[in-house]
Amino acid sequence: MVSWRRRPGPGLAQLWGLCCLVLGCWPAALGCPASCGCSSWRIWCTGSSPGIASFPVPQRSAEGDNVTEIYIANQPNLESINDNEVGFYVGLKNLTVVDSGLRFVSRHAFVKNVNLQYINLSRNKLSSLSKKPFRHLGLSDLILVDNPFKCSCEIMWIKKFQETKFYTETQDLYCIDDNNKKTALLDMKVPNCDLPSANLSNYNITVVEGKSITLYCDTTGGPPPNVSWVVTNLVSNHESDTNKNPASLTIKNVSSMDSGLEISCVAENIVGEDQASAELTVFFAPNITFIESPTPDHHWCIPFTVKGNPKPTLQWFYEGAVLNESEYICTKIHVINQSEYHGCLQLDNPTHLNNGAYTLLAKNDYGEDEKRVDAHFMSVPGDGNGPILDPDVYEYETTPNDLGDATNNSNQITSTDVSNKENEDSITVYVVVGIAALVCTGLVITLIILKFGRHSKFGMKVHGEVKGVGLVDQIWLSLQDCDNEEQVMVAVNSDVHNNSTASDNNRLGFVLFHKIPLDG
């Protein structure tokens, strides 16, 4: 018998060596400097000798995508963070540069780092710091303690940042004034240093398509702010003048495509920035940009798209006559996008009576537009020109009032099939009435027989009883010899019920029916 032995697994020392080997490969993979350590998600540079003189950058840009934290400390030769250095780490969330020689941060240093939440630049050599690198970031913490800031307008935004309700923990920040005196940043007062403000001449911009309009932006602040207009995706021709206060923006030959667009005025100085925005509303005549032949869905639908501002009213025509909408034929709007309306004319179970030309008219205060489409739902039954659909599917048949104004001759509906159906219905009625008349006549005749049968003066007498012959046969023989018809009734009244059997009664009825006249 073969015996199986368990092979010994790797020992703890071997696993530790493997981990060290893997971790040792990361610096080479990310191009880490000698004073830094790197992993798949973190970079740390803490060794002061030999130290780093520039921000660490990976050899290949894809290698920094997963890095979420960078920690740098004790790097006296690191004096700046330039453009496109931190941008290699697009997933970066936490950045720490402390106890180093940092003096300058580029205004575009963090343009690509939209995920940044925490920045600590404490205990460096920063004398000034612009707001631009940070204004697009949703920072939860920006720590700047123990930097030799110079009291100036350029760091006023830091004071404002601390004063906002969004910042819950106040830092002990100081600045050095012109007399080399250390002053708390919250107490700093710099003349002609104020946040800018922007105000528009009109916040409800309305204009008719094809016209021109000018918008003004009045700004204040110290130093005087720079003004810019944000008109992203504006189709209409426009020109601006920002060298004057108020600044102006003129839009020429306004296009309906710009309706609903937001226009902004931005005022910015070294203290901060302000923005004022307004929405552009363009009034224009309706335009039916799309209409198509009907398509079968849960209901039949004639799809259309209409643009217009203000919202246009919609009216359908069938063969030139007004289409009176009902629960079976009605207009449905499914999607509204700014001044564009997508919908359909919905028809429930249309038949050949609904075939024809449909026209959509869209109208508002600035004009109108109309488009026509031909609709064919099913062939006329029995015309041989197309398939006849199952009539059970079409429980609803449109009436002339649904299709339009009945007084309009162009909207009247004629069909030989409908006429034939009416003729067949008339014949059926005649047959039923004839049968009813015959039944009534029979009842009258029966009543007359019964009346004269009870009160008749006729009688009949049977001359004796013939042996071997039944009662009915005796009556029959008597009838052969009887001239007086009264004798027959007498014989019947007196003898039938006493001497007859069931079969005799049947024969008796036959005899009486043929022999007794009903002349009254």
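## Parallel pairing of E2 and E3

Four bridges join strand E2 (residues 42-45) to strand E3 (residues 69-73), and the pairing is parallel. Within this predicted model, Ile43 has Ile70 of E3 as its bridge partner.

## The six-stranded sheet

E2 and E3 belong to an open sheet of six strands with mixed pairing, arranged in the order E1-E2-E3-E5-E7-E8. At its edges lie strand E1 (36-38) and strand E8 (141-143), each of which pairs on one side only. From one strand to the next, the twist averages 5 degrees.

Backbone hydrogen bonds link the strands of a sheet, in either a parallel or an antiparallel sense. Side chains in a regular strand alternate between the two faces of the sheet.

## The E16-E17 hairpin

Strand E16 (residues 237-241) pairs with strand E17 (residues 247-252) in the antiparallel sense, over five bridges. The two strands, E16 and E17, form a hairpin, with five residues between them. Asn237 has Lys252 in E17 as its bridge partner.

## Confidence of the prediction

The protein chain has a mean pLDDT of 78, and 70% of its residues reach 70 or more.

Residues 1-30 have pLDDT under 50 throughout, and the model has 18 contacts beyond four places in sequence for them. The pLDDT is also below 50 over residues 386-422, a stretch with 58 contacts in the model beyond near neighbours in sequence.

Technical notes. Residues numbered from 1 in each chain as written. Predicted model: local features only at pLDDT ≥ 70, side-chain atom pairs only at ≥ 80, totals over all residues. Heavy atoms only, no water. Pairing = 2+ DSSP bridges. Axes fitted to C-alpha atoms, helices over the stretch in contact; angles between N-to-C directions. pLDDT = per-residue confidence, 0-100. Contact = heavy atoms within 4.5 Å.
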